Amino acid sequence: MNFLLKAARVIDPKSPFHHKTVDILVENGTITDINTSITTKNGCQEVQLENLHVSRGWFDSSVSYGEPGYEERETIVHGLEVAAKSGFTGIALNPNTLPVTDTSASVGFLKGKSQNNPVSLYPIGALTIKSEGVDIAELYDMQQAGAIAFGDYKKSIQNPNLLKIALLYAQNFDGLVMSFPQENDIAGKGMVNEEEQSTLLGLKGIPALAEELQIARDLFLLEYTGGKLHIPTISTAKSVALIKEAKSKGLQVSCSVSVHHLALTDAELAPFDSNYKVLPPLRTKKDIKALQQGIEDGSIDMVTSDHLPMDIEHKNVEFDNAKYGTTGLESAFGILNNIFGTEKAIYMLTNGAFVFGIENNPINIGNKADLSLFNPEGNSVFTKEHILSSSKNSAFIGKQVKGSAYGIVSNGKIVLK
């Protein structure tokens, strides 16, 4: 199909149309014209939306669905529809399925399920077989099948030699290794941040040290082996400092932070609401300040929703027994826009594509149309009715958001709310 976006304000510093309000003509998936006024052609869908803004397509580096194995939480097809209506043209899908995504066949299954979808799905292959942390999975074969990185979701590599070998081996095919930042022996049976709040609530704590010790170890290994390492969802001030120092040494390390760690502290835990039970746990105001500063100075490469749908049977239970995770695709832009402003929010939602080696061209004539459509204005409160996901476990219910996503134009298709 062909589309004509009318009176769209472009937000893309690399585009010659940055900050200009223009019409954008998309034909057969390619931007064929950008001008102050374009006449609608026959068979061309005209799109006119209030205060329409357009940026390069947003990419989320950490998304979980359920399929295969946990379809009651979220299916791939519906999950991709949620991503599209939330403004995302691409998502990296975590391997926490049943079976775990640890073979080329399982990667191929995910690619097949998402074929011809407006949203591009990029599988993350498990780093170890069954994500058990014992033996390295078939990394090269998975990359050939379409995997863009390798990591065991929310499971740290406790054996340092295994991570060392993975970093060395992945260099043969320029693979990106991911390592979840938690030292399990330090974390113990903790489930929330070890601080004043955990003591007041009588909940077992996970000290910041558990994250920082693991990151320090992983960075030492990276310095020894070379290669590329991505550390997902950091959450403490010291973690930011460690990664900033590693980058100053020239190490190829990247990291992400989740939206909820930028916006929420462990004070949210007071009513024992399991929607705030996430991993890493919510930290303190000091940590939030350091994470936000890490975004401003470039120490942190990208923001992720860390979208993890969880069915009510695993959330509406005692806090100790509840599963970790919150949904986040639907609220990501509104929360970031409220904290950082539009241009910084867009940068953090698009920069991850470059780290993961995904093409993301500027908005210009002749380039592929991979566009997120949104309105950056308007304050509102995020409610349960705004949750599009099959599971409703959002930590942002009742929180202030600014602006909203309209949808996307991507892969020759358009999706609007």
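Start with R73: it lies over the face of Y70, 4.2 Å from the ring centre. The rule here is that NZ of Lys or CZ of Arg is within 6 Å of the ring centre and within 35 degrees of the ring normal. K277 is another case, with its charged end over the ring of Y324, 5.0 Å from the centre.

A word on the source. This is a predicted model, where local features need pLDDT of at least 70, side-chain atom pairs count only at pLDDT 80 or more, and totals for chains, interfaces and linings use all residues. Residues are numbered from 1 along each chain as its sequence is written, and side-chain values use heavy atoms, with hydrogens and water left out.

Now rings with rings. How many aromatic pairs does the structure hold? Nine. Rings of Phe, Tyr and Trp (its six-membered ring) pair if their centres lie within 6.5 Å; planes under 30 degrees apart are stacked, over 60 edge-to-face, the rest tilted.

Take F150 and F173. Their pair is edge-to-face, at 6.2 Å centre to centre and 90 degrees between the planes. F150 lies in strand 9 (149-150), and F173 in the loop between helix 4 (160-170) and strand 10 (176-178), so the pair ties together parts 23 residues apart in sequence. Helices (H or I, at least four residues) and strands (E, at least two) are DSSP runs, numbered from the N terminus.

F173 also pairs with Y169. Those centres are 5.4 Å apart and the planes stand at 75 degrees, so this pair is edge-to-face.

Buried or exposed? Buried means under 20% relative accessible area, exposed over 50%, partly exposed in between (1.4 Å probe, protein chains only). F150 is buried at 0%. F173 is buried at 11%. Y169, at 34%, is partly exposed.

Elsewhere, ring pairs link W58, F88, F333 and F374 into a cluster.

Cysteines next. A disulfide is a pair of cysteine sulfur atoms within 2.5 Å. The count is zero. C44 is buried at 11%, and C255 is buried at 0%.

Last, the largest pocket. A pocket is an open set of points on a 1 Å grid over the protein atoms alone, where a 1.4 Å probe fits, with protein on both sides within 12 Å along at least five of seven lines; lining residues have an atom within 4 Å of a point. The largest pocket has 23 lining residues, and N96, K154, K155, M310 and K323 lie nearest its centre.
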